[in-house]
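The sequence and structure come next.

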Amino acid sequence: MSWAPTGRLLAYPWLIAGLLLAALAAGRPELAAAAAPLAAVLLAGLLSSRRPEVPGVRLAASESRIVEGDRLDLTVEVSVPSEVESLEVGVAPPPGADLVDSSNPQVVTGAAGAPQSLSFAVRHRRWGAYPLGTVHLRAFDGFRLRRFEARLGSEAVVRAYPRPERLRSLIRPAHTHLYAGNRVAARKGEGVEFADIRPHAPGDQLRSVNWRASARRDGLWVNERHPERNVDVVLLLDTFTRAGPDEESTLEQMVRGASSLASAWLRERDRVGVIDFGGTLRWLEVGGGMRHAYRLIDALLDTEVVFSYAWKGIEVIPIRLLPPHALIVGLTPLLDRRFLIALLDLSGRGLDVAVVELPVESHLAVPRSPAAALARRMWRLERETVRARLLEAGVGIAPWAEGEPLEPVVAEVEAWRRRARLRAR
Amino acid sequence: MAPSRPAARPLIPALLAVALSAVLVAAILLRAVAAATAPALDGAAAGAGIAGLLVIVGAVAAGRSAPVGWGVGLLAAAYAAGLVGRGAQVDVLAPLVGLLLVLIAELSHSACEWRGPHATDPSVERRRWARLLLTAGAGALAGGGALALAAAVPGSVPGLVVGAAALVGLVGLAAWLRAGAGGSAQPVR
């Protein structure tokens, strides 16, 4: 352990020297006698002081994955070196995390070599991948003349997932996939959900006969059902730019929303993929199941805005990332034209596109001059035009204000899409 | 699992340090007034004593240990000035003054250290204070012996001081060399 002198070791030699010099100068042995207790403490302290070895420290977390805001218990296992009587153990949580309900630092004493465990509780304010923290060790020699310290970092990482919102309804895609799922398909086939009745035909199973309907009509009538299918959903994240400070930015909100939507769709046995469409292109192909859910949210945690001037269109997106009949849900603050063009291109190529808009108005300063107010009005009009263009292209869009629940937004998009489908018929 | 202990309260050592400083300053002033042989030195003793007391109060109030040494030094200077002002009479209470200076310094440092993030174990603290009092007491006894020797043998003060300084210096140097300095951290497993 590294060491540093305490205030005592810095002061006592000077005090002793001063008293001895004064004794010499004044010819008074009393001053030398007054220095004797200080000298005794200094000598005893220096003679008994030995620098301890860095103790073995084991830092472990109760979970490797948590939901943001949840309590995470950290355990520090440490043994007190034989050279010191007690060891102060403190934990410095990483930025974005706070210690809760535990005293920091704590002290361990006891027989040398016997490891002892200390508990610390931390709470992560927001989602992300966090190191466990740094362990600070501090000990003093027997007379507190020297302070021994060590700072030990951990390579382990804990992932704090965004807290998913409860979504009871989701955006219904225009087409279902062939694989079995929880979503009732529009067409008829083998399934559970009742669709219609029709006259019996050779080959129909006996169990599908609707005996009540058959009793009222001539001949046998059988039930038709909707098959349960799943859908492919691709979350397209606009990472060209963001608005707002770190913990309240549109990026933060986007990841939170994407996580909630992905979790909800995956719960319905649908397949979900994600594409970060911005300065860099990152993706995770569509997939389903618990393992994919973890993989997807881990990928979302690494989402970041990478600034770039390069013009990018949907041609940079590998074609396999956009499965046929997939529903593409864009999450965007509508600040970058490249993302808007990409949405319109996708819609123009016949893909089913919906957009959750992340409003940026709350992150803007209040205009302080008539010119600024006029510019703000023009900017609003421009955004209105963008929204109108998307709606005109058949892309349902609804704003999701910060702090508001996501469910009404999803319902609003779905309601617009339902109306559009009805109009199309 | 080791139980977490409440942090030590810095108010008690702070109050004790200030009280002991006040007692020491008052004793120096009273004895200087009683002797009344050198008014200038008495004034210097009073000034240094009060300044030392104020520095100690300020240090423990602010929780900064750096000025503590200066405060104790001023108290020692006040004692020295009062001693010189008393004339040739030997002060047999000098080792006790040294003991008081140690206590004031230790209490002030503890009060400052306990103001920041810290954790202490009461049994370890008790053992430390017992060890400290025993060592300082032994030092005071040794100082008393040396004082008696110096009083019995006129002119032995320089030899006594040089011998004490050399001893302190040698032992301090040996301890410093043995302990070494520096160190590095290693990652947690």
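A residue counts as buried under 20% relative accessible area, as exposed over 50%, and as partly exposed in between, with a 1.4 Å probe and protein chains only. By this rule, 40% of the 189 residues of chain B are buried.

The model is predicted: local features need pLDDT of at least 70, side-chain atom pairs count only at pLDDT 80 or more, and totals for chains, interfaces and linings use all residues. Residues are numbered from 1 along each chain as its sequence is written, chains are lettered from A and ligands numbered from 1 in the order in which they are written, and side-chain values use heavy atoms, with hydrogens and water left out.

**Chain B and confidence in chain A**

Helices (H or I, at least four residues) and strands (E, at least two) are DSSP runs, numbered from the N terminus. Chain B has 6 helices and 0 strands, in the order α-α-α-α-α-α along the sequence. A contact means heavy atoms within 4.5 Å. Of the contacts in chain B between residues at least 6 apart in sequence, 76% join residues at least 24 apart.

The mean for chain A is 86, and 96% of its residues reach 70 or more. Among the elements of chain A, H7(A) has the highest mean pLDDT (93), while strand S13 (residues 180–184) has the lowest (64).

**Salt bridges**

A salt bridge is a side-chain nitrogen of Lys or Arg within 4 Å of a carboxyl oxygen of Asp or Glu. Over all chains the structure holds 33 of them.

| Residue | Partner | N to O distance |
|---|---|---|
| A:Glu149 | A:Arg147 | 3.6 Å |
| A:Arg271 | A:Asp232 | 2.8 Å |
| A:Glu357 | A:Arg387 | 2.6 Å |
| B:Arg131 | A:Glu85 | 3.0 Å |

In the salt bridge between A:Glu149 and A:Arg147, A:Glu149 is partly exposed at 32% relative accessible area, and A:Arg147 is partly exposed at 24%.

A:Arg271 and A:Asp232 also pair in a salt bridge. A:Arg271 belongs to strand S18 (residues 271–278) of chain A and A:Asp232 to strand S17 (residues 232–239) of chain A, so the pair ties together parts that are 39 residues apart in sequence. A:Asp232 is buried, with a relative accessible area of 1%, whereas A:Arg271 is partly exposed at 24%.

A:Glu357 is buried, at 1% relative accessible area. Elsewhere, salt bridges with shared partners join A:Arg8, A:Arg144, B:Glu106, B:Glu113, B:Glu125 and B:Arg128 into one network.

**Contact between chains A and B**

Chain A brings 63 residues to the contact and chain B brings 69. Buried area is the accessible area (1.4 Å probe) that two parts lose on being put together, summed over both. For chain A and chain B this comes to about 5,500 Å², with 66% of it on carbon and sulfur atoms.

Between the two chains there are 6 salt bridges, including the one that joins B:Arg131 and A:Glu85. A polar contact is a pair of N or O atoms within 3.5 Å; within protein, one must be able to donate a hydrogen and the other to accept it, and residues adjacent in sequence count only if both atoms are side-chain atoms. Chain A and chain B have 9 residue pairs in polar contact, both residues being at pLDDT 80 or more.

On the side of chain A that touches chain B, helix H2 (residues 29–48) of chain A gives the most, with 17 residues.

**Backbone details in chain A**

A cis peptide bond, with omega about 5°, joins A:Asn104 and A:Pro105. A:Pro105 sits in the loop between strand S6 (97–100) and strand S7 (106–109) of chain A.

A:Arg269 is not a glycine, yet has a positive phi of about 65°. A:Arg269 is placed in the loop between H4 and S18 of chain A, and is partly exposed at 48% relative accessibility.

Notes
pLDDT = per-residue confidence, 0-100.
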